[in-house]
Amino acid sequence: MNDEGWIAEALREAEAAAKHGEVPVGAVLVSGEGELLAAERNRIVEHRDSTAHAEMLAIREGSRRIDNERLVGATLYVTLEPCVMCVGAIAMARIARLVFAADDPKGGAVLHGPRFFSQPTCHHRPQVTRAGDAERAGELLRKFFQARRGRLISDEEV
């Protein structure tokens, strides 16, 4: 499967997160050989754990599956630009590639905010690629937060 296909899988995870009342972010971790290691969604509310971001859960599951804390050669596909916590974990896990769909100007830490991978203190910098349906990923988030604010959304606005 190519980058677009894996991001589509991550988007399905994000949709599942929204259905469970979680911020709709999904992540898929794939080995260097193309094997699916983990497919996760945000589970912060479900787990009562502020670190239960889709990326963190995928990294944990992938490491468990290969019985190694280093995910050398792996690619992490995410629907939204990861936050500083998640990019720190990506660097520590030595993930080779990060592919994400939508920008996160407020909380993202790759292209926005601290630009973590550009810092001299960052010990590992994955290849960063944009792919997938950024508009769909962003729309999932907009709809989710509009609904949380109590605003009803008509089909015409979607």
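## Confidence and conventions

The protein averages a pLDDT of 93, and 95% of the residues score at least 70; pLDDT is the predictor's confidence in each residue, from 0 to 100. Over residues 152–158 pLDDT stays under 50, and the model has 9 contacts beyond four places in sequence for this stretch, a contact being heavy atoms within 4.5 Å.

This is a predicted model, in which local features need pLDDT of at least 70 and side-chain atom pairs count only at pLDDT 80 or more, while totals for chains, interfaces and linings use all residues. Residues are numbered from 1 along each chain as its sequence is written, and side-chain values use heavy atoms, with hydrogens and water left out.

Helices (H or I, at least four residues) and strands (E, at least two) are DSSP runs, numbered from the N terminus. Strand 4 (residues 97–102) is largely enclosed by the rest of the structure, because 6 of its 6 residues are buried. Buried means under 20% relative accessible area, exposed means over 50%, and partly exposed lies in between (1.4 Å probe, protein chains only).

Strand 4 runs parallel to strand 3 (residues 75–80), to which 5 bridges join it; two strands pair if DSSP finds at least two bridges between them. Within this pairing, Tyr77 stands opposite Val99 of strand 4. Strand 4 is also joined to strand 5 (residues 127–130) by 4 bridges, again in parallel, and here Phe100 has Arg130 as its bridge partner.

The buried residues of helix 4 include Cys86, Val87, Gly88, Ala89, Ile90 and Ala91, and their cover includes helix 3, strand 3 and strand 4.

## The nonpolar core

A nonpolar core is a set of buried Ala, Val, Leu, Ile, Met, Phe, Trp, Tyr and Cys residues joined through side-chain atoms within 4.5 Å. The largest has 43 residues, of which Leu29, Ile59, Leu71, Leu76, Ile95, Leu98 and Phe117 touch the most other members. Among the elements that give two or more residues to this core are helix 1 (3–19), strand 1 (26–30), strand 2 (36–41), helix 3 (54–66) and helix 5 (134–148). Leu71 touches residues including Leu29, Leu37, Ile59, Ile66 and Ile95, with residues up to four places away in sequence not counted.

## Cysteines and His53

The whole structure has 0 disulfides, a disulfide being a pair of cysteine sulfur atoms within 2.5 Å. The sulfur of Cys83 has that of Cys86 as its closest cysteine sulfur, but the 3.7 Å between them is too far for a bond. Both residues are buried, Cys83 with a relative accessible area of 19% and Cys86 with 0%.

His53, in the loop between helix 2 (44–47) and helix 3, touches Asn42, Ile44, Cys83, Met85 and Cys86, leaving aside residues up to four places away in sequence. His53 counts as buried, at 17% relative accessibility.

## Positive phi angles

Most residues other than glycine have a negative phi. Asp67, which is not a glycine, has a positive phi of about 55°. Asp67 lies in the loop between helix 3 and strand 3 and is exposed, with a relative accessible area of 70%.

Arg94 follows helix 4 and has a positive phi near 65°. Arg94 belongs to the loop between helix 4 and strand 4 and is partly exposed, with a relative accessible area of 25%.
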